[in-house]
Every structure is written in C-alpha cells, then in structure tokens.
Amino acid sequence: MQASAGTPVKRVIGNWKMNGDRVANTDLLAELKKAGPWVAEVAVCVPFPYLGDVALSLQGGRIAWGAQDCSAHESGAYTGEVSAAMLAEFGCRYVLVGHSERRAGHGESDQLVADKAKRALAHGLTPVVCVGETLEQRDAGQTEEVVKRQLSAVIHTLGPCIPQIVVAYEPVWAIGTGRTATPEQAQAVHQRLRQQLHAATDKAARISLLYGGSVKPDNAVELFAQPDIDGGLIGGASLKAADFAAICRAAD
Ligand code: PEP
C-alpha cells in the first residue's frame with residue numbers, strides 16, 4: 001500500500017523472536033493467509049533459518065517478511081553474522097535493527113544500529129529502527145532524551161535517506177511484560193519523534209512510526225487511533241494467528 005505524499009503507510013509487523021519450528025510456522029502462516037488481506041501493510045520478521053520456508057510460503061501474497069537483525073558489515077570474516085545482501089536474496093522486505101533485546105543483550109550501540117540501518121537500505125531493505133527507554137530511564141524523566149539520542153544517530157548516519165526507514169517506539173518496560181504504554185504515553189513519545197524527524201527531512205509526515213510493547217487485540221484499536229501511531233511492532237501476539245490478525249485489522 002502506497003502512502004500519499006503526506007501520510008504514512010499503516011503497518012503491522014510481527015517479531016517472532018527466537019520462537020517457532022517448521023511445522024508451527026507453516027500452520028501459523030496458513031492461518032494468517034486465510035485471515036487477510038488487510039488494508040495495513042503486514043509483515044513477519046522471522047528467525048534466519050526459516051527465511052527460505054517463509055519466503056516460499058508467502059511469495060506472491062500480501063504478507064511481507066523480514067529478519068530480526070543484520071550485520072553492519074558488507075561481507076567477510078564476521079562469524080555468525082548475516083548480511084543485508086543475504087537477506088535481500090531471500091526476498092526480505094524488512095529488517096529490525098536496534099531491538100532492545102539486542103541493544104541490551106548484545107551491547108549494540110546507537111552508532112552500530114545506525115550502521116546496520118544504512119547497510120540494510122543499501123540492499124533495498126527497509127530498516128525498522130527500534131528505540132525505547134528502560135523503566136529506570138522513564139522514572140528518571142529521561143525518556144525523551146534517550147529516544148532522541150537513539151534516533152539522532154540514525155538521522156546523522158542516513159542523511160537524505162532517512163524518509164526510507166520505519167521507526168518503532170518500544171518502551172523496554174512494556175516489551176513482553178503485559179504492561180503496555182497508555183495511548184497517551186505512547187502518543188507523547190511518537191509526537192516528539194515525529195518532530196525530530198521533521199527537523200531532519202521535509203518528508204517526515206510519511207515515515208511510519210510504530211508502537212511496540214504488549215500490543216494485544218484489546219488495546220490495539222486505541223493505540224493505533226493516536227495521531228502519530230501508524231501501526232505496531234508485535235512480539236508475543238504475533239505467534240497467535242487470531243490475535244495477530246485482529247491486531248492487523250485494528251490498523252486498517
Ligand atoms: C517486541 O519484541 O518487539 C515486542 C513488542 O514484544 P511484545 O509484543 O511481546 O511486548
């Protein structure tokens with residue numbers, strides 16, 4: 001779905017994290033294909049080994065697919081890493097970069113995340129740049145400063161390419177906890193992110209800003225109704241076809 005000049009595409013992207021197996025994935029995708037199509041653009045970001053299966057299953061349909069990380073390097077002696085070029089070969093449309101589980105668990109810096117986003121764009125992938133504060137940072141009143149710093153590295157690294165990214169605001173305290181940001185809390189941060197993007201590009205109005213963090217069918221409608229929330233990045237609920245389908249519908 002194409003956005004007009006001043007409106008972002010509505011998107012719902014599932015993040016399977018390190019879950020699934022070949023049988024369960026086949027069932028999940030079959031149910032999802034039956035449940036769609038949706039007006040919103042829908043995608044699933046899956047573990048690397050399943051990209052081939054998922055690409056075959058979703059080829060020619062309306063659900064896109066992507067990966068959960070990529071290397072900041074082009075190729076070479078980087079054992080265990082997966083390049084953006086390889087993901088492009090598998091028909092990936094998206095790649096998550098800077099998910100908080102990678103920032104925290106793998107020490108990914110703001111600059112590394114920005115470099116990954118740049119590498120993804122160079123291979124025609126859309127980087128979904130994740131930003132978000134921890135509970136300690138929120139309690140210390142640092143939310144705005146933290147997400148601004150995280151996005152700033154990407155803005156400076158990508159320069160004029162910045163309109164090609166998707167941004168996902170994911171407060172760390174809301175991920176996988178069942179504790180979601182209120183629509184007002186989420187909108188307040190999204191509004192600041194949009195302002196920051198406006199300062200960087202005259203095309204900021206068309207950049208999709210997704211909210212992630214314990215989105216479920218029963219809170220999705222209200223979250224997605226906020227003026228600067230253009231859909232969601234969905235973890236746990238993306239593993240249940242009925243829940244994910246309902247969340248996709250909520251973004252329509
Ligand atoms: C995520 O991991 O990106 C996420 C948003 O997880 P959950 O929906 O389970 O909170």
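The ligand is surrounded by 14 residues, a residue being counted when one of its heavy atoms lies within 4 Å of the molecule. The closest are Lys17, Glu170, Gly176, Ser214 and Gly236. The model is predicted: local features require pLDDT of at least 70 and side-chain atom pairs count only at pLDDT 80 or more, whereas totals for chains, interfaces and linings use all residues. Residues are numbered from 1 along each chain as its sequence is written, and side-chain values use heavy atoms, with hydrogens and water left out.

A side-chain N or O atom of Lys17 is placed 2.6 Å from an oxygen atom of the ligand. For the side chain of Glu170, the corresponding separation between an N or O atom and a ligand oxygen is 2.7 Å. Gly176 contributes a polar backbone atom, 2.7 Å from an oxygen atom of the ligand.

Backbone geometry was examined next. Most residues other than glycine have a negative phi, and most peptide bonds are trans. Lys17 has a positive phi, near 50°, and is situated in the loop between β1 (11-15) and α1; helices (H or I, at least four residues) and strands (E, at least two) are DSSP runs numbered from the N terminus. Ser214, in the loop between β7 (209-212) and α9 (217-224), likewise has a positive phi, near 55°. Ser214 counts as buried because its relative accessibility is 10%, the classes being buried under 20% relative accessible area, exposed over 50% and partly exposed in between (1.4 Å probe, protein chains only). Val221, in helix α9, counts as exposed at 52% relative accessibility. The C-alpha atom of Val221 is separated by 29 Å from that of Ala117, 104 residues apart along the chain. A cis peptide bond links Gly36 to Pro37, with omega near -5°, and Pro37 belongs to the loop between α1 and β2 (41-45).

The axes of α1 (residues 22-35) and α10 (residues 241-250) come within 9 Å and cross at roughly 35°; axes are lines fitted to C-alpha atoms, for helices over the stretch in contact, and angles run from 0 to 180 degrees between N-to-C directions. Leu28, Glu31, Leu32 and Ala35 of α1 make the contact with Ala241, Phe244, Ala245 and Arg249 of α10, contact meaning heavy atoms within 4.5 Å. These residues comprise 6 nonpolar, no polar and 2 charged.

Ser238 occupies the loop between β8 (231-234) and α10 and is buried, with a relative accessible area of 0%. A polar side-chain atom of Ser238 lies 3.2 Å from the backbone oxygen of Ile234. Apart from neighbours within four places in sequence, the contacts of Ser238 are Gly14, Asn15, Trp16, Leu28 and Phe244.

Thr201, in the loop between α8 (183-200) and β7, counts as buried at 11% relative accessibility. The side chain of Thr201 places a polar atom 2.9 Å from the backbone nitrogen of Lys203. Residues up to four places away in sequence being excluded, Thr201 touches Ile162, Pro163 and Ile207.

Key: Ala, Val, Leu, Ile, Met, Phe, Trp, Tyr, Cys and Pro count as nonpolar, Asp, Glu, Lys and Arg as charged, and the others, Gly among them, as polar. A polar contact is a pair of N or O atoms within 3.5 Å; within protein, one must be able to donate a hydrogen and the other to accept it, and residues adjacent in sequence count only if both atoms are side-chain atoms.
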